[in-house]
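Trainee: I am new to this structure. Please pick one part, look at it closely, and take me through it step by step.

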Amino acid sequence: MSKNKQLPNLQNLGILLRILVGVNLFGIIATILVSKQLSEFLPIFTMLSTVIQPLLLFSILVLYLLYPLLKKLRYWQSVAIIVGVEIIIATTISLLFSQSLLLEYATAPYRVILLTLSATAAMLYYFDLRQRAYSPAITEARLQALQARIRPHFLFNSINAVLSLIRSQPKRAETALEDMAELFRVLMGENRDLVPLEQEITLCKQYLNIESLRMEDRLRVDWRVDELPNHALVPPLILQPLVENAVYHGIEPIAEGGQIVVTITHKANELLIKISNPYQANNSHHMGNKMALKNIKERLALHFDLEASIRHQTNNGHYTVTIRMPYEKS
Amino acid sequence: MSSLTILIADDEAPARNRLKDLLSDITNVSVIAEAKNGKEAVDLAIQHKPDLMLLDIRMPLMDGLEAAEHAQKLIPKPHIIFTTAFDTYAIKAFDLNAIDYLLKPIRLERLQAAIEKVRAIAPPSLAALKPLQKTRSHLSIHERGSIVLIPIDEIIYCRAELKYVTIRTKEKEYLLEESLTHLEAEFGERFIRLHRNCLVAQYAISGYEKRGDETDNQQWHAMLKGVPETITVSRRQQHLIRKA
């Protein structure tokens, strides 16, 4: 885990895209300031671009490579290094260009360096603001998620099932209450940081133990996790709500029950989670489902920006939810 | 005081066991049948004529609300008490209409009070629960003091005749006391209205054929899977054929 949470993730596609767009906007503003009339705009911007684009792409490459190092430092240290790196890149490129090409107007080194510094400062400020704006959202999303996740239906039915065991099978009642306690501890806990995937799976299995008390052999689960990636980190409670949905919408409406299939694989830098359950067109509880999906989508976006996705599809009487996210290692 | 006969319906075995445990602590009641879904509850109610049905709301195949509606046609009418873990809308409707319900986990005192009430008064009408239901999975028809359940999936067509609607399945015909308009409103997705007095299940139509003499009197007829008769398509509805 990185201790430098204020620093934007410079290896994230979304962040890099924002830098590209942001700096180019900066270039456009600079062009507007120096151009005296509209006809000058394009030539000046093109000229400026010959310097900005290579500088920008090179900076992004360097920052991308430096990121693993930067995130181990304190925020002010990483900012100092970024500024230093930018000054070096800007100086090098402007000197290179002014010697080899006839662009002395656009590439006066002091101009390039100051523009680069302002753009860097502006971007860092923007990311800092964005981070602050989003932090309460994480908390809020967590609370909202919490409300969506403890389905009262599940809570009361489970208590009812445990009550039915107390007289006849006190041992099983004990285990069930223990599982419930652990599940609710996580549901009510602090859920900001990524957690090990194994932990998430264990939680899911505890949840399913409680459900199979009520559903007995109607509920069957096939875990296809042979290729489980090692030490993967996932947002907390990413799996359990989806499995709960599968039980509520997929298994409960069918008299003879059915099978839920959970598949977790990875390829290269991507983690793939697939959950599928039988689906009957004529049952009509879709609202709750949408809520949970939207909730998970929001949390994935908060953690991974554009690099994660959640999709769902229905075919051949099966409903499948697929999550893709970056394979983060602990 | 005679023993009160009770039917329990819940898709979860532990929930049924819990109810039986609690009922065993109450005197003068006996559980005579247990059902795992609404359909089974109605079938068993027809067979055993219980005084009281304890129905879970959310069950597969047929939910508790629909089972209650069908069971209401039995003579004598059984009392109904719904059981549910959580169902905001239904609970509101129950409260408004003085219909009895028990919240899971069920408490012995509450169950006892509900059963005392059942002994004291006649079953209230459940008509007010209609709006809570999604489309029914079955139609129920009176037959010699009992009722018959017809799965909606098996209906080939419904034809209005004077005061009744004839319901045709592959095996039999039934007379139902409901209006065709009402059926169309509830099951509109399944059936198409080929004639002013006839709703036909879309799946059952195998084709269309033009019949009659060479003149203008030609009429389209819908041919049906599983039954020999055909349904005349009225001129006004012929555009539906073109769509199909």
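Mentor: In chain B, take the contacts with a separation of 6 or more: residues 24 or more positions apart account for 54% of them. Keep in mind that this is a predicted model. Chain B has 244 residues, and 36% of them count as buried. Its make-up is 7 helices and 15 strands. Along the principal axes, the C-alpha atoms of chain B fill a box of roughly 80 × 35 × 30 Å.

Now go inside. The largest nonpolar core has 77 residues. Seven names stand out there for having the most contacts inside the core: A:V243, B:L7, B:A9, B:A41, B:M53, B:L54 and B:L55. The element that gives the most to this core is α7(A), with 8 residues.

Leave out residues up to four places away in sequence, and B:L7 still touches B:I32, B:A33, B:A35, B:A41, B:L44, B:A45, B:H48, B:P50 and B:M53. Two of these partners, B:A41 and B:M53, are also on the list of residues with the most contacts inside the largest core.

Next, the contact between the chains. Chain A puts in 20 residues and chain B puts in 16. On the chain B side, 8 are nonpolar, 6 are charged and 2 are polar.

Turn to α7(A) again. This helix spans residues 197-215 and packs against α8(A), residues 240-251. Their axes are 9 Å apart, and the angle is about 20°. Angles under 35 degrees count as roughly parallel, so α7(A) is roughly parallel to α8(A). The crossing is right-handed. From α7(A) come A:L203, A:C204, A:Y207, A:L208, A:E211 and A:M215. They meet A:Q240, A:V243, A:E244, A:V247 and A:I251 of α8(A). By class, this helix contact has 8 nonpolar, 2 charged and 1 polar residues. Notice A:V243: it takes part in this helix pair, and it is listed among the residues with the most contacts inside the largest core.

One last stop is A:G22, in helix α1 (residues 13-34) of chain A. Leaving out residues up to four places away in sequence, A:G22 touches A:M123 and A:Y126. A:A119 is 97 residues from A:G22 in sequence, yet their C-alpha atoms are 8.2 Å apart in space.

Notes
Residues numbered from 1 in each chain as written. Chains lettered and ligands numbered in written order. Predicted model: local features only at pLDDT ≥ 70, side-chain atom pairs only at ≥ 80, totals over all residues. Contact = placed C-beta atoms within 7 Å. Nonpolar A, V, L, I, M, F, W, Y, C, P; charged D, E, K, R; others polar. Axes fitted to C-alpha atoms, helices over the stretch in contact; angles between N-to-C directions. Helix = DSSP H or I, 4+ residues; strand = E, 2+ residues; numbered from the N terminus. Parallel < 35°, antiparallel > 145°, perpendicular 65-115°, else oblique. Left-handed = near helix turned anticlockwise from the far one by under 90°. Core = buried A, V, L, I, M, F, W, Y, C linked by C-beta atoms within 7 Å. Buried ≥ 20, exposed ≤ 12 C-beta atoms within 10 Å, placed from the backbone.
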